[in-house]
Amino acid sequence: MPRETNAAKRERAVEVCERLNRRYGPVECFLDHENPFRLLIAVLLSAQTTDAQVNKVTPKLFAQWPTPEAMAGASVADVADTIKSLGFYKSKAKHAVEAAQMIVADYGGEVPADMKELVKLPGVGRKTANIVLNVGFGIVEGIAVDTHVFRIAHRLKFAGPSADTPAKTEAALLKLYPREYWGPINHQWVLFGRETCIARNPKCATCFLCDLCPSCGKA
């Protein structure tokens, strides 16, 4: 099989997004939130945990500590007790309190709308920062690569074997896609990953992207 040219791969990548957009349209953030601070904390809590599980604990969490100022004064142990149903709850509680303290001390109580500043916050990497910027501020600076996006990017052969981390996979996608396609990718691909391109036994037989996927039937 001849090697796919960059132009052909880009054309295939764009068609993937066009089909997903026709299928799903705009997809809302799966995490319940009312403002950028609550979104930030919710995304912090979502690492290696389902969004549904996070949405179960955040009402109680934000009822007790609704603002950066309130959470900055919280006991890490108390926050941990509130979110203890989540995986890695102790480290997540520590990051949540420390991030709130830094937001209050360094940013006047406002979540910074800037990638370089966001990734300075405890527990915040590019994935979290991309979601906060995109959903919380309407700023598209990259593509949030979670487990679904990582898996789909590799199954579609949009990221090569050397792109073995979320950061490298994001770099491959940013190079491949025109900027106007970056914004919807995370939420649409997550939905596609949950419904069709699941981790085990993907539904290749009924997948509407099968003709565009080199792994279809082999994943």
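The lining of the second largest cavity splits into five nonpolar residues, six polar ones and no charged ones (Ala, Val, Leu, Ile, Met, Phe, Trp, Tyr, Cys and Pro count as nonpolar, Asp, Glu, Lys and Arg as charged, and the others, Gly among them, as polar). Keep in mind that this is a predicted model, where local features need pLDDT of at least 70, side-chain atom pairs count only at pLDDT 80 or more, and totals for chains, interfaces and linings use all residues. Residues are numbered from 1 along each chain as its sequence is written, and side-chain values use heavy atoms, with hydrogens and water left out.

What does "cavity" mean here? On a 1 Å grid over the protein atoms alone, a cavity is a set of points where a 1.4 Å probe fits but cannot get out, while a pocket is an open set with protein on both sides within 12 Å along at least five of seven lines; lining residues have an atom within 4 Å of a point. Grid points are joined across faces, edges and corners, and a volume is the space filled by probe spheres set on the points.

Back to that second largest cavity: it holds about 50 Å³ of space. Helix 11 gives the most to its lining, with five residues, and helix 8 is also among the helices that supply at least two (helices are DSSP runs of H or I with at least four residues, strands are E runs of at least two, and both are numbered from the N terminus). Trp182, His187 and Asn130 are among the residues that line this cavity.

A search of the whole structure finds two cavities of 30 Å³ or more. The largest cavity has a volume of about 110 Å³, and of its 15 lining residues, Phe192, Cys197, Cys204, Cys207 and Cys213 lie nearest its centre. Its lining divides into 11 nonpolar, two polar and two charged residues.

Now for the open spaces. The largest pocket takes in about 720 Å³. Of the 30 residues lining it, Ser46, Ala47, Lys127, Asp146 and Thr147 lie nearest its centre. Helix 2 (36–45), helix 8 (126–137), helix 9 (147–155), helix 10 (166–176) and helix 11 (182–195) each bring at least two residues to that lining, which has 13 nonpolar, 11 polar and six charged residues.

The second largest pocket has about 240 Å³ of space. Helix 1 (6–24) and helix 10 each supply at least two of its lining residues. Among those residues are Arg3, Glu4, Phe158 and Lys175, and by class the lining has four nonpolar, two polar and five charged residues.
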